[in-house]
Amino acid sequence: MIPTHRSFSMTMTRLAAGLALCALMGACAVAPPEPIAASPMVAPGTIPAIPAVRGPSYESKSARKYYTRIEKEQVARGLMRVDGGGPDVPYDADDLSRNFERVALFNEYTQIGGRFVAAQTAAQLRRWEGPVRIALHFGPSLPEAQQARDKTLVQNYIKRLARVTGHPISLVSNPKRANYHVFVVSVDEQRNLGPLIKAVEPKLGAATIKEMTSLTRNNFCAVYASSTRSAPYVYASAIALIRTEHPDLMRDACYHEEIAQGLGLANDSPKARPSIFNDDEEFAFLTSHDERLLSILYDPRLRPGMTPDQARPIVARLASERAPSGSI
């Protein structure tokens, strides 16, 4: 059966030593999170390279065929649009306001019995306050020509996100300076990522690293964002996982969605349109509607930790200011 989504996003809070991570910014009744340094850059030391593996394995070959078939089927059905929307998908201030609340102020997953389960729950506003420094980690399974292509695509996309949000977001070449790590790996390489994840995020628990390295092919791509004990609604670091088995359009779509979701738009809504924050896969790339959501998220009139009730009247004003001309 073809999955109805290409990704899932989990907002994580570090717990005390020896415990797994608690999802959804402290929603679990467990020990308080272990504090981390104000600047979560990697400590001095060697960051191991993504190990090369013999292969590709049967699992990797199967995943490549699977994703290629899904992309072809979706495009044939008119999905994974790259036009960003148009006259056929109008939206107004009310749409922006409603969609922002569902995408930024609700969680897509919750933790039940140590497992992450799809469940929509109200959440408080989360975003980055400090600069976002993104590093790309390419596995050897992605040919160098495609690595260069993807780096250019991501670099241009990050410039767009910085412009839209008004927030400092950049691509850095030295992973020790990064606080947002994007791993572009095959299924085989993903299985061996544990030491590298531990190197760039030393406080991640073993259970979370195991989850990251064990994602099945039905998880097309993923992002995990972390906060600190002292500022539980301010993102301090993030890790995204994207598969090299994806054909180009699907891989590009993962870059667009996961990097944006890791900025604070962590949920998906079936009513958000035109949007990539919608599991129907109608759009592959960030739309003008999504740019406005990000602009609202990083407006200084909103603050991390706001509840939906606190944010709602402010969001309504911000949406009115940003609505497309003639839509109100």
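What percentage of the 328 residues of the protein count as buried? In this predicted model, 56% of the 328 residues count as buried, where buried means under 20% relative accessible area, exposed over 50% and partly exposed in between, taken with a 1.4 Å probe on protein chains only. The protein contains nine helices and 11 strands; helices (H or I, at least four residues) and strands (E, at least two) are DSSP runs, numbered from the N terminus. Residues are numbered from 1 along each chain as its sequence is written, and side-chain values use heavy atoms, with hydrogens and water left out. Because the model is predicted, local features need pLDDT of at least 70 and side-chain atom pairs count only at pLDDT 80 or more, whereas totals for chains, interfaces and linings use all residues.

**Confidence and contacts**

- The mean pLDDT, which is the predictor's confidence in each residue on a scale from 0 to 100, is 85 for the protein, and 81% of its residues reach 70 or more.
- Over residues 1–44 the pLDDT stays under 50, although the model has 151 contacts beyond four places in sequence for this stretch, a contact meaning heavy atoms within 4.5 Å.
- Where pLDDT is low, the predicted coordinates should not be read in detail.
- Among contacts in the protein with a separation of 6 or more, 71% are accounted for by residues 24 or more positions apart.

**Cavities**

- The count comes to two cavities of 30 Å³ or more, a cavity being a set of points, on a 1 Å grid over the protein atoms alone, where a 1.4 Å probe fits but cannot get out, and lining residues being those with an atom within 4 Å of a point.
- The largest cavity has a volume of about 60 Å³, where grid points are joined across faces, edges and corners and a volume is the space filled by probe spheres set on the points.
- The lining of the largest cavity consists of Val 185, Gln 190, Leu 215, Asn 219, Phe 220, Cys 221, Ala 222, Leu 241, Ile 242 and Arg 243, and the elements that give two or more residues to this lining are strand 9 (221–227) and strand 11 (237–243).
- Strand 11 gives the most to the lining of the largest cavity, with three residues.
- By class, the lining of the largest cavity has seven nonpolar, two polar and one charged residues, with Ala, Val, Leu, Ile, Met, Phe, Trp, Tyr, Cys and Pro counted as nonpolar, Asp, Glu, Lys and Arg as charged, and the others, Gly among them, as polar.
- The second largest cavity holds about 30 Å³ of space and is lined by Glu 201, Leu 204, Met 212, Tyr 224, Ser 226, Ala 238 and Ile 239, with strand 9 and strand 11 as the elements that give two or more residues to its lining.
- The lining of the second largest cavity divides by class into five nonpolar, one polar and one charged residues.

**Aromatic pairs**

- The structure holds five aromatic pairs, in which rings of Phe, Tyr and Trp (its six-membered ring) have centres within 6.5 Å, and planes under 30 degrees apart count as stacked, over 60 as edge-to-face and the rest as tilted.
- One of these pairs is formed by Tyr 66 and Tyr 67, which are tilted at 5.5 Å centre to centre with 55° between the planes.
- Tyr 67 also pairs with Phe 220, edge-to-face at 5.2 Å centre to centre with 70° between the planes, and this pair links distant parts of the chain, since Tyr 67 lies in helix 1 (residues 58–76) and Phe 220 in the loop between helix 6 (206–213) and strand 9, 153 residues apart.
- Ring pairs link Tyr 66, Tyr 67 and Phe 220 into a cluster, and Tyr 66 counts as buried at 5% relative accessibility, Tyr 67 at 0% and Phe 220 at 2%.

**Backbone details**

- The peptide bond from Gly 55 to Pro 56 is cis, with omega near 5°, and Pro 56 is placed in the loop between strand 2 (22–23) and helix 1.
- A cis peptide bond also joins Arg 273 and Pro 274, with omega about 0°, and Pro 274 is found in the loop between helix 7 (248–261) and helix 8 (288–297).
- Met 80, a residue other than glycine, has a positive phi near 55°; Met 80 lies in the loop between helix 1 and helix 2 (93–104) and counts as buried at 4% relative accessibility.
- Glu 281 likewise has a positive phi, near 65°; Glu 281 is found in the loop between helix 7 and helix 8 and is buried, with a relative accessible area of 5%.

Key
On a 1 Å grid over the protein atoms alone, a cavity is a set of points where a 1.4 Å probe fits but cannot get out, and a pocket is an open set with protein on both sides within 12 Å along at least five of seven lines; lining residues have an atom within 4 Å of a point.
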